[in-house]
Amino acid sequence: MASNSPIIGSIIERKPGSAFNSTRKPQQSTGKTGFPVVQHRSQSAFARSREQARKSASTPQTKTVPEVKSSATIPPVAAQEVSSSWRDQISRENEAKVASMSEAEIEEERRQILERFGANIGDVLKRAKIAREKLKEKGTQIVDATNVDSKDAPVPVILEERKPVERARSPPPPAIVTPATTRPSSRADRRLRFADLEPQDVYVYDSAHASPEKRVMALPPPRPEDEGTTTSIGTFKSAKGKLAAIPAAEGKVSTKPTIPKGKPQPELVTPELIRRRYFPNAPKDDPNLAWTTDLPANPDTVTNSVRFDLHGNPIPPSVSATLPTHLGLHHHAEGAHAGYTLDDIFLLSRSTVPAQRATMLGVLARIAHKLGNSLDVKPSGLEEFSGREEELRKRILAAGIEAMTERGGVGTAAIEAIWECVVGWDTRLAGVTSVEIGSTANSTINSLPFDHLLPEIANIIRQGDLPPESMSQLLGILYRFAQQSIALTSAIANTPRMLDTVVQSFLLSPVSPHEGPIPPSPFALDFLSLLASSSREIAKEVGDMADSFLRFVSFLPSASPFAPDLTVSLITCTLHFYKILASYGFATKIPGMAVTQFTQLEQYVISDECQSQALKIVWAELVEVWTICAIDPHQTTPPHEIRWSQISSWSWNSGLQDLQLYSETDERTWKMWTASWNALAAWLEGSKVNGVRGGDEERFSFLDCNKDDFEAQDGRFRLLVNALMDKLEVGLGGLDADKSNAFESFSSQAALLSALIRVWLACIPPHTEGPPSSPPFTLPLPRISAFLSRLISHPFWSFAWTSNPRLVPFYRNVSGLAARYLELSKRLPDTSSDLWTGQALAILSRQRPGDEQFCMSVIEEVLKGITSEWAVERGIDVPQPIWQNGGLAILLPFFRFIVQPQAGVNTGPLHPTVDSIKATSTLRLPFPSSESKGLPLYHDWTMGAMDHLLRSADSPVFKSLPETWNASEVDVTRASLFFSKISQEVLRKGGLESFAMSAEETCFSCMKIFMLEHGQPQSDSTEEVYRDPIVERYMKSLLQPYTNGSDAPLLHGPDNLEKVATRFLGSEVPFFQFYTDFVALYDAVSFSHPIFARLLLPPTSMKYPIDYRKHLWCDFNHVLKTVRVQPQDLFVKDVRDYLYPVESDPQLLGSYLGSLLKGFLAESLRLIALHHIACCIWSDLQPEKVKVQQERASKMLLAIVGQGSPELVKEIVLYQQRETGSALLPPNCFEGVVKSRLDDALRLGGPVVRDRLAPLFS
């Protein structure tokens, strides 16, 4: 605003008796509520203001403040002249600049202007020029038509060191429009100057709440001891003279002012005074006047909610009531308490005042930071929010998302709050990229409105007007979203212009960091790598940008325009990005496009100048993947982008061996050794396929360089292997689910051993079957075998897959070691065919998603080896129908689905293979869940075909069977039972019993065979699958090791039938419903089938809910007469599972008693009923601290004595059972006499019962 008109005119002080009164008495209320009547508006506020101004101009005002005119004539057009002068100067400079530009430059500038301001910018500028010319002409006319008197000129003000005005303000009206009635200045030559204050002229007092009892100038002057800490602002002088001195007595200062005598005491303003003066007609208790009441004199100093300061720190209640008000912590409803509750903060975070809103969003961000950290360590002051962290996290996220689109500090603070709730909430997840870390339900992040949120983030980044810190936070938020799930990653990639915006804003800045707003971000490359690893489609999309990132590889740190550390990070992240793309077979033309640059990079990596272990590792990993892609160039997309002849000419193998030659072998460099040996193994494997004579020359060259280091006693590779085995053996014993660092270290060590075994196997000549004539080089093979035997059986395998997704990536290296050992075991001379089969079955259950290709190759090899010749060699009698219709090969379609249930979803292996490159659809593992299908395999996977037979109408396997597959339902059942029995025996003989099916899994698998008849027409019982002699034979043989009387018992699993059944039934169908159908089917079609009857009993043991016992013993009591099961044939480790704890339910006890009295119970069922009835009668059979219920016991005893057979009475009287150890079975449980029971009989049944039972006690 350019204007020479004065800002302040002469100041006129009014007399005390002036008729003008600036304060107005409140208008008397005409309503009944105590408030003025509402005035309805028919015009806007602006219209009414203009109309009032016109009326005021037409009405003479006699009591207004006279306008003061300037003492000198100042042309009002001076501002316009100044404005025109600088505008003309700028115009001339622009014209000269345009004249010196070429046509191309002019066209480019015109294009940029149109792109930035729109196509109609010319019209806008033209209208502005016309308006400016009209204003100039109007101003000239006004000056010419008006004669300004010098005596009416406003008083000029001398502005000394005037500061620039931050905000545009309306200029004061010019003097020429001043009304003619303005009073002339009394002193036209007076000038105003701002006083130069000294520190001693200013007093600074603590702020205090306003109160109607306070008087003007009631604050005391500073005390003498305050000298140097206060500043004076002068001495107050009133019209009546100086304020009387304030007396002080006994060190206390009176804050009550001295009032001159004779002056009336001012009336104290109270709520009653307000009511009587302004609302005389309102009653005293009118709720509409509640606003006039005073606050409590002594407010409660203890509040229920935690209060926070402006840094997000909780304020203790004891401190909240004592803090001063100048800290800014009392701007809320409860002004007596310092700090803000969460409700206050959330309310103020939606304030219309930007500064207040930004401050509160910042407080929320700091609170979220503390709540996120409280998941592990509970900070003091936040105990109130324990268990509510996720709820508050959602509320803070909602507040941040609502404000993130705002400009300035509000948007910046909102982004920080979102970042704290998304990224900073659990920083331990920052490095988890190979596995989904969020489930599909019950997650705060999954509940966000991504359809709205992601486009907004893309738009904010595209605008580019945020600070670099906020831009980085937005990128971090997107990265965390991508970590959540593959589905969310796809949503990010499909957001319009998201990928282009990220690349343009964070990566494709000018080469010189001084020309761009921010240097390229390595984190943005990691973000693109994460997106590419999520799906093949996204990888193909971002792969189109791969050429643009060669700029980061083209400059080594010594020649890069960026800082050395930033250059190394950019190279490392770029190579990792290329590795991800190459795992799908994409962008494999890159090394051929930049041969010179990659050659220079290879020399840098090998040299001593390179100190980055991460760069060395990722370089070796990239070489490995590119080498595998070149083995079969038809697998890349597009084909033949990289060929084996190029691999040979680039001699990457020589560079890798040089890298090893100049590297140390201490533990710090083991990850580099892992990557380099895997790359060399890939080169050796490719040489077998594409090299001359199966790669003999390459193999001999490698062994000549490295064999001595493995063979010599002091060879550095031999020392490395021994140190590695020591670490692994010690680390295996210290693994724990809560020690993630131990898992990570152990995982990297397992990866190194796996790489060594891979190199050993790659050095074996091709077409060699079985063990080689001599090992390629020396490895401690017996020690490795013993370690792997411990590793496979270790309980740590169950730690991560159901609890901690952070540990899941570490399992891939360990499962990869197990898979690599299985390949090695086949080459060892001491490994028999049966031992290898047992190892294969055990290792299959340890594989994880991504190992599907390996699992199917092992299953195919195992099934291929089990033939009729194999059975004859081992003297196994196998029915001939087993080998008909393809033998065990008919199970392969079912096993493929079990291993890989989702069609089209192929998780890439840890190390790509020739076959995996084109088939891989994602490189990330699914979120670990106990309900996940596929890998890892359960021990009952060998019976998995039964699931598809039961659901044959909906089974995807039956919908995709090959045309040559013609097996029947009976054939599949026979093959499944036979293969399960072979697996059971092989594992037992190999000492791997823990990998065989548990008793619960075997029982449920056999129950599914019987349930094949559920819902089927029962016209001919000979068609029932379970009546097939081969099926009956193998079911009985498969169940035998789990019976109570087995000579070679197998383990019972930790899961009961209900949990085992969940894998097939799902979480929505309870096992109880399956069991009711099973019992009903037995009642309908079993005809007392012995195996069918035995399978009725496991759910009725005392380990299961009472509903199962009631259903069989009460609802289907009539079928019990057909159940004949010996105690030795029960599927339990000990019969005590059916006996203890003693039954107490009256309905079940009545069923036990009634069945015994009817006399149709036999064997195991009779033992179970006898036990529970006897325990309810005799006190010596009851556990300690459990008393016999006299009335119930008396009725039972009288019923048995009066209605039971002599044999039943004798068994009840003589029955005994051990308190510990194995249960006593008949007839041992009926031996001996307990004399104390005669007294129990007398007490329960009287002399008659005692006399009748007395002979049994003699």
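**Interior packing and cavities**

A: The protein contains 49 helices and six strands, both taken as DSSP runs numbered from the N terminus, with helices (H or I) of at least four residues and strands (E) of at least two. This is a predicted model, in which local features need pLDDT of at least 70 and side-chain atom pairs count only at pLDDT 80 or more, while totals for chains, interfaces and linings use all residues. Residues are numbered from 1 along each chain as its sequence is written, and side-chain values use heavy atoms, with hydrogens and water left out.

Of the 1258 residues, 44% count as buried; buried means under 20% relative accessible area, exposed over 50%, and partly exposed in between (1.4 Å probe, protein chains only). Among contacts (heavy atoms within 4.5 Å) with a separation of 6 or more, 74% join residues 24 or more positions apart.

In soluble globular proteins, nonpolar side chains tend to be buried together. The largest nonpolar core here has 178 residues, with Phe481, Tyr578, Phe598 and Trp677 making the most contacts inside it. Such a core is a set of buried Ala, Val, Leu, Ile, Met, Phe, Trp, Tyr and Cys residues joined through side-chain atoms within 4.5 Å. Helix α21 (residues 613-631) gives the most to this core, with 13 residues. Apart from neighbours within four places in sequence, the partners of Tyr578 include Ala546, Phe549, Phe598, Leu622 and Trp626. A second, separate core of 149 residues includes Phe1004, Leu1039, Phe1071 and Val1123.

Ser529, in helix α15 (residues 522-534), is buried because its relative accessible area is 3%. Beyond its neighbours within four places in sequence, Ser529 contacts Cys573, His576, Phe577 and Ile580. The C-alpha atoms of Ser529 and His576 are separated by 7.3 Å, although the two residues are 47 apart along the chain.

The whole structure has five cavities of 30 Å³ or more. On a 1 Å grid over the protein atoms alone, a cavity is a set of points where a 1.4 Å probe fits but cannot get out, and lining residues have an atom within 4 Å of a point. Points are joined across faces, edges and corners, and a volume is the space filled by probe spheres set on them. The largest cavity has a volume of about 110 Å³. It is lined by 15 residues, of which His939, Ser983, Leu987, Phe995 and Ala996 are the closest to its centre. Helix α37 (residues 969-989) gives the most to this lining, with four residues. By class, the lining has nine nonpolar, six polar and no charged residues, where Ala, Val, Leu, Ile, Met, Phe, Trp, Tyr, Cys and Pro count as nonpolar, Asp, Glu, Lys and Arg as charged, and the others, Gly among them, as polar. The second largest cavity, of about 100 Å³, is lined by twelve residues, with Arg551, Phe552, Phe555, Ser560 and Phe562 nearest its centre.

A cis peptide bond, with omega of about -5°, joins Thr637 and Pro638, and Pro638 lies in the loop between α21 and α22 (644-650). That loop also holds His640, whose phi is near 60°, a positive value in a residue other than glycine.

Finally, the structure holds zero disulfides, a disulfide being a pair of cysteine sulfur atoms within 2.5 Å. Cys421 is buried, with a relative accessible area of 0%, whereas Cys1114 is partly exposed at 22%.

How values were computed:
On a 1 Å grid over the protein atoms alone, a cavity is a set of points where a 1.4 Å probe fits but cannot get out, and a pocket is an open set with protein on both sides within 12 Å along at least five of seven lines; lining residues have an atom within 4 Å of a point.
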